[in-house]
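I opened this notebook to record what I looked up in the structure, entry by entry.

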Amino acid sequence: MNEGSKAAGQSGGNIGAIVDLRSDTVTQPTAGMRAAMASAPLGDDVFGDDPSVNALQVALAERLGFEAALFMPTGTQSNLCALMAHCQRGDEYIVGQFAHTYRWEGGGAAVLGSIQPQPLNHAPDGSLPLADIEANIKPDDAHFARTRLLALENTIGGKVLPMDYLAAASELAKRHGLSRHLDGARLFNAAVAVAARDGSDPYDAARRICSHFDSVSVCFSKGLGAPVGSVLCGTRELIKSAHRWRKMLGGGMRQAGLLASAAHYALDHQVKRLGEDHALAKRLAEGLQGLPGLTVEAPQTNIVFCDVDKGIAAKLVEHLKTEGVLTTGLYKLRFVTHLDVDAAGVDRAVAATCRFFNA
């Protein structure tokens, strides 16, 4: 394991330790990240003079091929500012039924932005069928909200959208005059998976993914392991508009470089190690495969979903908790690997699940 990973056994080797597989948001800053935070030069970001915030914004925009970027407290705020910068009151965005911007962010686009969502069903690979996107673009008629934006997510439920699909969806949107936003909360998980398949560099893969979008929101507090923060990338004009919305939504922070330095450290040191999380997710899925009453989806990145009877799910989650394994079961049983989980922790989760099913 490299410096970005925790010492082996910290999460799983100790029998009394908690194996927290609820989400990759539970990660703790590494020693190197804490040192970067402690030594970060600071200013006042509301005045635009925090050097650590500015350095992160420039670095990510350059890496991903955008003109500008804006540091935000959360991915929810980053996505909301993007939607409000792209759309006006009474406009509409096309989005997936299980996309975070539609289902899991409190309806902020509709409530705060007066932007109507047009949700579509996902294909099995997580994409939105091109024919469905085209069929739901409204005509220029006063009876309809104005369709202005296509919003995709990558990864979506841990699945990586195919590169050729991104190109085709982007071309379709441009042909109809729509802007394109990517919720890239786990962009670098997608990039690491793409790079592993085609032998490229993960940063190059991330840039290629982003080339199909006008704006991208990147979260640093998930698999990248920073304690707080997301960054919105786009054109200078869009970022200027998003900056105004950020202020209005209460996202203007002061000595925010303390947090931005953690994200910058993650960008430089904790991207390539995401492949370790993907390998552990595969190990977990293989260990659960074949258990009676449990249908396991093969993971593409760091998220393992399992279908289980609703009457059993809550009991299973509680059983795992008594054995020191935390997971979630909102609509499916979900395990998420991250830098604070090791092979021993994954094996404990598998063994605890097997005991529940008496397997």
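**Entry 1: a buried charged pair.** I began with Asp45, which counts as buried because its relative accessibility is 5%, and I kept in mind that the model I was reading is a predicted one. Which residue does Asp45 form a salt bridge with? I found Arg246, with the closest N and O atoms 3.4 Å apart. The pair links distant parts of the chain, since Asp45 is in the loop between α1 (31-38) and α2 while Arg246 is in helix α10, 201 residues apart. I then looked up the cover on Arg246, which at 2% relative accessibility counts as buried.

**Entry 2: other salt bridges.** I noted that side chains of opposite charge can pair when their charged atoms come close. How many salt bridges does the count come to? The count comes to 19.

I looked next at Lys138 and Glu92, which form a salt bridge with their closest N and O atoms 3.0 Å apart. Lys138 lies in the loop between α6 (130-135) and β5, and Glu92 lies in strand β3 (residues 91-96), so the pair ties together parts that are 46 residues apart in sequence. Is Glu92 buried or exposed? Glu92 is buried, at 0% relative accessibility, whereas Lys138 is partly exposed at 22%.

The side chains of Arg283 and Asp347 also meet in a salt bridge, at 2.8 Å from N to O. Because Arg283 lies in helix α12 (residues 274-288) and Asp347 in helix α14 (residues 343-356), this pair ties together parts 64 residues apart in sequence. Arg283 counts as partly exposed at 40% relative accessibility, and Asp347 counts as partly exposed at 34%. I also wrote down a network of salt bridges that links Asp91, Arg146 and Arg148.

Entry 3: The largest pocket has a volume of about 770 Å³, and its lining has 37 residues, of which Phe98, Trp104, Gly157, Phe305 and Tyr331 lie nearest its centre. The elements that give two or more residues to this lining are α3 (75-86), β6 (179-184), β7 (215-219) and β10 (303-308). By class I found 12 nonpolar, 15 polar and 10 charged residues in the lining of the largest pocket.

Phe98, Trp104, Leu330 and Tyr331 make a nonpolar surface patch of about 450 Å².

**Entry 4: the second largest pocket.** The second largest pocket has a volume of about 210 Å³ and is lined by 13 residues, with Asn54, Gln57, Ala69, Leu70 and His243 nearest its centre. Which element gives the most to this lining? I found that α2 does, with four residues, while α2 (51-64), β2 (68-72) and α10 (236-248) each supply at least two. The lining of the second largest pocket divides into six nonpolar, four polar and three charged residues.

**Entry 5: cavities.** I counted four cavities of 30 Å³ or more, and the largest cavity holds about 60 Å³ of space. Its lining includes Gly96, His122, Glu153 and Leu161, and the largest share, three residues, comes from strand β5 (residues 146-153).

Entry 6: Leu258, in helix α11 (residues 257-269), is 216 residues from Leu42 in sequence, yet their C-alpha atoms are 7.0 Å apart in space.

Note on methods:
Residues are numbered from 1 along each chain as its sequence is written. This is a predicted model: local features need pLDDT of at least 70, side-chain atom pairs count only at pLDDT 80 or more; totals for chains, interfaces and linings use all residues. Side-chain values use heavy atoms; hydrogens and water are left out. Patches are made of residues with over 30% relative accessible area and no salt bridge: like charges are joined within 9 Å, nonpolar side chains (Val, Leu, Ile, Met, Phe, Trp, Tyr) within 5 Å. Accessible areas come from the Shrake-Rupley method with a 1.4 Å probe; for residues, only the protein chains shown count as cover. A salt bridge is a side-chain nitrogen of Lys or Arg within 4 Å of a carboxyl oxygen of Asp or Glu. On a 1 Å grid over the protein atoms alone, a cavity is a set of points where a 1.4 Å probe fits but cannot get out, and a pocket is an open set with protein on both sides within 12 Å along at least five of seven lines; lining residues have an atom within 4 Å of a point. Grid points are joined across faces, edges and corners, and a volume is the space filled by probe spheres set on the points. Ala, Val, Leu, Ile, Met, Phe, Trp, Tyr, Cys and Pro count as nonpolar, Asp, Glu, Lys and Arg as charged, and the others, Gly among them, as polar. Buried means under 20% relative accessible area, exposed over 50%, partly exposed in between (1.4 Å probe, protein chains only).
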